[in-house]
Amino acid sequence: MRFNEDAELDTSQVSDQRGMGGRIAAGGGGLGIVGLIIYFVISQLGGGGDALPSGFGDVDDGQQVGSEAIADRCRTGADANREADCRAVALINSIQSYWAGQFGTGDYQEVQTNFFSGGVQTGCGNASSAAGPFYCPADAEVYIDLDFFTELRQRFGATGGPFVEGYVLAHEYGHHVQHLLGTSDKVSGATGPKSDSVRLELQADCYAGTWANHAATTPTASGEPLITGVTQADVTAALDAASRIGDDFIQRELGGGRVDTTQFTHGSSAQRQKWYTMGYRTGDPTRCNTFDTDNLG
């Protein structure tokens, strides 16, 4: 996939907190409300594993970071084609424009995505990069260390690429949609292959797929789509990523080798692929009702 080089980017949807010293308060104890915040990736490791690198992703050493710098550097789709953080801005713009169109004029509440490195303090508590990208309903914002995309390739073995990054971000904005609709209120702290937590995550995957279906036709504030040239290879890469963040894959490949379905919180690799595909093939968020079916895949 590519970005329309002439389309304008809206950096007001992003807050760049990288280089602010981590922002983890002493004694924070992590997010602490797993019943509401469902970690995107490493929940089966109990928050363990090495934290992601605390560098600035594709930003060179010594280069200024911060929201003003992002605004200066990330102006058009041409910048998104060159730089990783500008690419994230463009993806966020596209995802939020899609949901604004789905909700209708004035009904969708835009929220910020916060770029951070190492750790961050949120309305849901303190978190490190090891938690992976996440959505916090307490402040209704998305948080991501952009180095996660490197981790997804190097540690999880995913193909990677811009459309995979779009999947990751669209999944988190799927959680925002669930928050706006009140769906998140259905989630208890239970685990298991058909638990509410799994259903919430699979629905967010399906919502990500519906955005992917419309990505090349969704206009942003400039009046034209930001994304062009989505290929089958892009879709295949997203499905590959989905297969590598299933509970069974994480437990087997990264968590000791034994798969325990009673501890599932996100769904199996097959389930995650199924529901992303459901969203992508139909392009219809109403087909993402994972709470009203016994056939989760």
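In this predicted model, the side chains of Asp-205 and Arg-272 meet in a salt bridge, with 2.7 Å from N to O. Asp-205 belongs to helix H6 (residues 196-214) and Arg-272 to helix H9, so the pair ties together parts that are 67 residues apart in sequence. Are the two partners buried or exposed? Asp-205 is buried, and its relative accessible area is 0%. Arg-272 is buried as well, with a relative accessible area of 0%.

Arg-272 also takes part in a helix contact. In general, a packed pair of helices is described by the angle between the axes and the distance between them. Helix H7 (residues 232-243) packs with helix H9 (residues 269-282) at an angle of about 145 degrees. The two axes lie 8 Å apart. The crossing of H7 past H9 is right-handed. On the H7 side, the contact is made by Val-235, Ala-238, Leu-239, Ala-242 and Ser-243. On the H9 side, Ser-269, Arg-272, Gln-273, Tyr-276, Thr-277 and Tyr-280 contribute. Sorted by class, the contact of H7 with H9 has six nonpolar residues, four polar and one charged.

An α-helix has 3.6 residues a turn, so residues three or four places apart point the same way.

How many salt bridges does the model hold? The count comes to twelve salt bridges. One of them joins Asp-85 and Arg-18, at 3.2 Å from N to O. Asp-85 lies in helix H3 (residues 84-103). Arg-18 lies in the loop between strand S2 (14-16) and helix H1 (67-73), so this pair ties together parts that are 67 residues apart in sequence. Asp-85 and Arg-18 are both buried. The two residues also belong to a network of salt bridges, in which Asp-16, Arg-18, Arg-73, Glu-83 and Asp-85 are linked.

A further salt bridge brings together the side chains of Arg-155 and Glu-151, at 3.5 Å from N to O. Glu-151 counts as buried, because its relative accessibility is 14%, and the cut-off for buried is under 20%.

Helix H5 covers residues 162-181 and has 20 residues. From its first C-alpha to its last, H5 reaches 28 Å. This is close to the 28 Å expected at 1.5 Å a residue. H5 is mostly covered, with 16 of its 20 residues buried. Just after H5, Gly-182 takes a positive phi of about 85 degrees.

The loop between H5 and H6 holds Ser-195. Ser-195 counts as buried, because its relative accessibility is 8%. Which residues does Ser-195 contact, leaving aside neighbours within four places in sequence? Ser-195 is in contact with Ala-190 and Phe-264.

Asp-196 is found in helix H6. At 25% relative accessibility, Asp-196 counts as partly exposed. Residues up to four places away in sequence not counted, Asp-196 touches Lys-186, Val-187, Ser-188 and Phe-291. The C-alpha atoms of Asp-196 and Thr-265 are separated by 8.3 Å. Along the chain, Asp-196 and Thr-265 are 69 residues apart.

Note on methods. Residues are numbered from 1 along each chain as its sequence is written. This is a predicted model: local features need pLDDT of at least 70, side-chain atom pairs count only at pLDDT 80 or more; totals for chains, interfaces and linings use all residues. Side-chain values use heavy atoms; hydrogens and water are left out. Axes are lines fitted to C-alpha atoms, for helices over the stretch in contact, and angles run from 0 to 180 degrees between N-to-C directions. Helices (H or I, at least four residues) and strands (E, at least two) are DSSP runs, numbered from the N terminus. A crossing is left-handed if the near helix is turned anticlockwise from the far one by less than a right angle, and right-handed if clockwise. Contact means heavy atoms within 4.5 Å. Ala, Val, Leu, Ile, Met, Phe, Trp, Tyr, Cys and Pro count as nonpolar, Asp, Glu, Lys and Arg as charged, and the others, Gly among them, as polar. The expected span of a helix is 1.5 Å times one less than its number of residues. Buried means under 20% relative accessible area, exposed over 50%, partly exposed in between (1.4 Å probe, protein chains only). A salt bridge is a side-chain nitrogen of Lys or Arg within 4 Å of a carboxyl oxygen of Asp or Glu.
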